[in-house]
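Please keep the sequence and the structure in view while reading.

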Amino acid sequence: MRRSWFAGLALVAALATVAFLLVPVIAVFANVSPARLVDALGEEAAREALLLSLKTTLIALAIVVVVGTPTAYLLAARDFPGRSVVLTIIELPLVMPPAVAGIALLAAFGPHGILGGAVSALGIELVFQTAGVIVALVFVSAPFFRRQAIAAFAAVDGRLLEAARTLGASPFRAFATVAVPSARGGLASGVALSWGRALGEFGATLLFAGSLQGVTRTAPLAIFSAFAEPGGFVAALALSAVLILVAAALLLGVKLLGGDRIEADEGAARL
Amino acid sequence: MSGRGALAVSVRTPLRGFELELGLRAEAGAPVALVGRSGSGKTSMLRAIAGLLSPAAGRVELADAVWLDTERGVDLAPERRGCGFLFQDYALFPRMSAWRNVAYGMRRPRRERRPAALELLERFGVAALADARPATMSGGERQRVALARALAARPPVLLLDEPLAALDSTTRREAIGALRAVFAETATPVVLVTHSFEEAAALAGELIVIEAGQEIQRGTAAAISASPASAFVADFSGAVVLRGEASGQDDLTVVRLPGGAAVWSADGARGPVALSVFPWEISIEVDAEPARSSLDSRLNRLACEVTTITTIGSRARIGLAAPEPLVAEVTAASAARRPRGLMASTDATQGEPYRSDPHDHQEPDHDYHDGTHRRRLRRFAPPEYSENVKLRRGHRVDRLSTAVDDLELPPAVFKTCPWQPRELIETGLRQWLRCCGPAL
């Protein structure tokens with residue numbers, strides 16, 4: 001087989017990419033011994049931050065999925081005037097710098113924001129509260145799910161939904177039993193992207209909810225505050241290592257649940 | 001959902017590029033077929049009946065139940081109409097096994113569903129696939145599962161969109177038999193859509209030929225074929241379907257028709273079958289001498305009487321009262337002047353590749369309606385015989401035969417050959433007589 005210079009170049013580029021991505025990850029684990037990792041997790045502040053991250057991201061994710069799925073279904077199925085404007089608004093947080101998102105949330109729901117009075121009149125406190133963290137996470141991470149979900153629903157064969165309707169299914173039953181299972185792969189990758197984005201959220205959370213230990217200091221904020229303290233670099237590294245492991249597990253889990261299952265089905269079809 | 005009775009539909013709605021304006025009435029046990037090329041609005045009609053499309057104006061009624069009445073603002077959702085709908089590509093739910101697909105529309109306690117689904121699958125001979133996903137099935141298997149699914153909820157109306165299009169020819173034969181059995185058994189109105197006149201004739205009693213959303217002609221397959229309303233219908237309404245009882249005789253199949261006559265086919269078949277033959281494959285001879293038959297390449301000969309003569313442009317359709325109604329197509333000139341020339345003129349219409357498959361029209365619409373475009377494309381051989389006998393209604397045609405003429409041998413060879421070698425007959429006949437499958 002003859003190799004062209006282009007194939008060689010592509011190979012070099014691919015190797016450089018993998019190395020560039022892998023070296024920092026290796027560096028984190030190279031600097032932290034497993035014993036130190038366990039020690040770091042034993043610290044109250046770190047444990048609190050991780051648990052808070054887990055709690056807030058899961059609640060945010062639940063809101064994103066429950067509200068985002070029907071929204072995406074509607075936007076994928078219906079064509080209406082102004083649809084592209086709505087799609088742009090929905091995707092805007094994707095390109096918005098997190099700090100801007102935080103400021104914007106403050107301007108809207110903060111004590112002096114345009115809806116601040118209404119929010120506190122309802123007895124809801126957001127700023128410097130865990131609820132504020134969840135609001136920031138939902139705002140920033142939801143577009144990752146919606147985007148995937150819209151694409152996944154748009155790819156569902158409309159005839160399947162029509163078949164369900166002629167078989168007596170209500171629009172909701174057709175959605176729940178035919179559209180959602182058909183879009184499962186896309187929905188799962190949307191969940192992974194959205195969750196990953198929420199786990200790493202820093203700027204919007206810091207500006208909108210602050211960094212109070214045990215209340216709003218999620219893992220990324222804890223990493224930063226550890227790093228800012230003298231001699232805290234190792235603690236920051238340990239937390240980082242944990243986050244890398246969690247993120248990798250997340251990605252792997254979703255790949256197993258969503259994408260690869262589809263290929264397995266098709267593989268069975270070929271037999 | 002037990003509203004058995006007639007389905008009455010009238011629909012008017014704009015589609016892409018034309019207006020669909022169509023009415024039909026389907027009685028239980030008398031399937032109606034909408035026939036036309038793809039994009040002529042057939043499927044939209046089915047969708048309007050099922051409630052998947054809301055027409056601008058129209059009424060859909062089943063017995064006493066009004067499903068759609070645009071004047072009174074009635075438009076029942078598809079799930080409340082509950083039509084059994086067989087989609088063209090079957091639209092089986094890809095992530096459900098066969099039995100779950102079938103059970104989807106069942107309204108019965110959860111634990112009874114699997115046994116009931118298995119029973120239905122068993123009926124269609126695919127019980128072994130109960131736990132298989134649609135992706136692992138063949139086209140014929142998918143169709144049977146889809147049919148079982150459509151029938152599972154005991155629908156008051158059965159709608160079929162191109163039920164045979166996704167099947168290979170062998171499977172298609174079996175499917176025709178299976179579908180006819182279902183139509184007979186369910187006793188519900190059936191409306192089916194197909195681009196194939198042959199399939200429509202095999203499956204339905206009444207055919208409605210539509211073009212660009214408008215009805216061109218309706219009637220039985222034989223009636224439409226015998227006197228097509230336009231050149232388009234003439235091109236389209238190819239096959240005449242005969243039903244009979246097949247039995248084998250060496251490699252050749254003999255099919256006995258109800259009237260007592262028999263025709264031969266090179267396709268192997270046993271039991272009740274449907275045969276199809278295209279009008280331009282039939283040549284007719286008037287008062288031919290019986291002695292000539294042994295010298296002729298044509299194996300199938302039927303004595304019959306001319307009932308109608310319909311001229312469309314340069315062509316004429318001759319309706320024949322054979323044991324089963326038959327139609328021959330000859331040039332108009334032959335029909336008017338030279339009955340002996342009929343044989344030559346039918347030969348002239350044969351062998352055009354686009355003529356031999358009426359499913360595969362490629363020219364634009366406007367060329368069909370006056371027939372001029374066709375006429376130019378057709379090659380006409382000069383009439384071989386010329387006797388001054390006018391062919392007219394009531395005229396007796398002694399023999400009618402399907403020709404074996406694509407062997408690229410000069411006609412003279414056939415005329416002098418004392419007997420045809422079996423092989424030649426078979427290759428010729430395979431072209432001209434096709435068994436559609438068990439007719440039941």
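The contact between the chains takes 18 residues from chain A and 19 residues from chain B, where two residues are in contact if their C-beta atoms, placed from the backbone, lie within 7 Å. This is a predicted model, in which local features need pLDDT of at least 70 and side-chain atom pairs count only at pLDDT 80 or more, while totals for chains, interfaces and linings use all residues. Residues are numbered from 1 along each chain as its sequence is written, and chains are lettered from A and ligands numbered from 1 in the order in which they are written.

On the side of chain A that touches chain B, two or more residues each come from α8 (158–166), α9 (171–182) and α14 (259–270) of chain A, and α8(A) gives the most, with six residues. Helices (H or I, at least four residues) and strands (E, at least two) are DSSP runs, numbered from the N terminus.

| Class, side of chain A that touches chain B | Number |
|---|---|
| nonpolar | eight residues |
| polar | four residues |

Chain A as a whole comes to 14 helices and zero strands.

In chain B, helix α4 (residues 110–123) has A117(B), L120(B) and L121(B) as its buried residues. They lie on the same side of α4(B), because they cover an arc of only 95° around the axis, the arc being that of the directions from the helix axis to the C-beta atoms. These buried residues pack against α3 (98–103) and α5 (139–152) of chain B, whereas R111(B), E112(B) and P115(B) are exposed on the other side of α4(B). Just after α4(B), G125(B) takes a positive phi of about 75°.

Of the 164 residues in the largest nonpolar core, L239(A), I49(B) and L121(B) touch the most other members; such a core is a set of buried Ala, Val, Leu, Ile, Met, Phe, Trp, Tyr and Cys residues joined through C-beta atoms within 7 Å. Helix α7 (residues 130–154) of chain A supplies the largest share of this core, 15 residues.

Technical notes. Ala, Val, Leu, Ile, Met, Phe, Trp, Tyr, Cys and Pro count as nonpolar, Asp, Glu, Lys and Arg as charged, and the others, Gly among them, as polar. A residue is buried if 20 or more other C-beta atoms lie within 10 Å of its own, exposed if 12 or fewer, and partly exposed in between; C-beta atoms are placed from the backbone.
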